[in-house]
Amino acid sequence: MKAEQANKKDHLDQLPKHFGFCKLISKQEYIREVNEAGEGVDVILHLYKDCVDECVLINTVLEQLAPKFPKIKFLKGISDKIVPIFPDKQLPYLLYYKEG
């Protein structure tokens, strides 16, 4: 069991550490950036609108967290650009994808 955990840790240590920022994505980029993020890459996606104060606050926090957790891919997307009928009353909306 410990050997398996050590192997997984070694594998994770070899993953790219270049994320470190919160990237704005479009609907067209969603599959590549989220579904095809890669093995061992966790993704946090914030669906937002600038007119919602809580969204602005969360975007600020994600911008601060991203450099501290460079192995996690932080993404944000304008809600109705990612999901055309996404209701504003559901904002802010955070999604966590374990290994893409």
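Two residues are in contact here when heavy atoms of each lie within 4.5 Å. The model is predicted, so local features need pLDDT of at least 70 and side-chain atom pairs count only at pLDDT 80 or more, while totals for chains, interfaces and linings use all residues. Residues are numbered from 1 along each chain as its sequence is written, and side-chain values use heavy atoms, with hydrogens and water left out.

**View 1. The whole chain, to get your bearings.**
The chain has four helices and four strands, and along the sequence they follow the pattern α-β-α-β-α-β-α-β. Helices (H or I, at least four residues) and strands (E, at least two) are DSSP runs, numbered from the N terminus. Of the 100 residues in the chain, 32% are buried; buried means under 20% relative accessible area, exposed over 50%, and partly exposed in between (1.4 Å probe, protein chains only). The accessible surface comes to about 6,500 Å², with 57% belonging to carbon and sulfur atoms. Such areas come from the Shrake-Rupley method with a 1.4 Å probe, and for residues only the protein chains shown count as cover. Among contacts with a separation of 6 or more, 80% are between residues 24 or more positions apart.

**View 2. Lys-73 and its surroundings.**
Look for Lys-73 in strand β3. With a relative accessible area of 9%, Lys-73 is buried. Not counting residues up to four places away in sequence, Lys-73 touches Phe-19, Glu-33, Ala-37, Val-41, Asp-42, Val-43 and Ile-44. The side chains of Lys-73 and Glu-33 are joined by a polar contact of 2.9 Å. A polar contact is a pair of N or O atoms within 3.5 Å; within protein, one must be able to donate a hydrogen and the other to accept it, and residues adjacent in sequence count only if both atoms are side-chain atoms. Lys-73 and Glu-33 also belong to a network of salt bridges that links them with Lys-23, Glu-29 and Arg-32. For a salt bridge, a side-chain nitrogen of Lys or Arg lies within 4 Å of a carboxyl oxygen of Asp or Glu.

**View 3. Lys-76 and its partner Glu-63.**
Lys-76 is in strand β3 (residues 72–78) and is buried, at 15% relative accessibility. With Glu-63, Lys-76 forms a salt bridge, the closest N and O atoms being 3.5 Å apart. This pair links helix α3, which holds Glu-63, to strand β3, across 13 residues. Glu-63 is partly exposed, with a relative accessible area of 35%.

The structure holds eight salt bridges. In one of them, the side chains of Lys-98 and Asp-42 meet at 4.0 Å, N to O. Lys-98 sits in the segment after β4 and Asp-42 in strand β2, 56 residues apart. Lys-98 is exposed at 53% relative accessibility, whereas Asp-42 is buried at 15%. In another, Lys-49 and Asp-80 meet at 3.1 Å, N to O. That pair links the loop between β2 and α3 (53–65), where Lys-49 lies, to Asp-80 in helix α4 (residues 79–82), 31 residues apart. Lys-49 is buried at 16%, and Asp-80 is partly exposed at 30%.

**View 4. The nonpolar cores.**
A nonpolar core is a set of buried Ala, Val, Leu, Ile, Met, Phe, Trp, Tyr and Cys residues joined through side-chain atoms within 4.5 Å. The largest has 16 residues, and Val-43, Leu-45, Leu-47, Leu-75 and Leu-91 touch the most other members. Strand β2 (residues 42–48) gives the most to this core, with four residues. A second, separate core of five residues includes Cys-22, Ile-44, Leu-62 and Ala-66.

**View 5. The aromatic pairs.**
Two aromatic pairs turn up in a search of the whole structure. Rings of Phe, Tyr and Trp (its six-membered ring) pair if their centres lie within 6.5 Å; planes under 30 degrees apart count as stacked, over 60 as edge-to-face and the rest as tilted. Tyr-30 and Tyr-97 have ring centres 6.5 Å apart and planes at 75°, so they are edge-to-face. Because Tyr-30 lies in helix α2 (residues 27–35) and Tyr-97 in strand β4 (residues 93–97), the pair ties together parts 67 residues apart in sequence. The rings of Phe-86 and Tyr-93 are also edge-to-face, with centres 5.1 Å apart and planes at 75°. Phe-86 is buried at 14% relative accessibility, while Tyr-93 is partly exposed at 31%.
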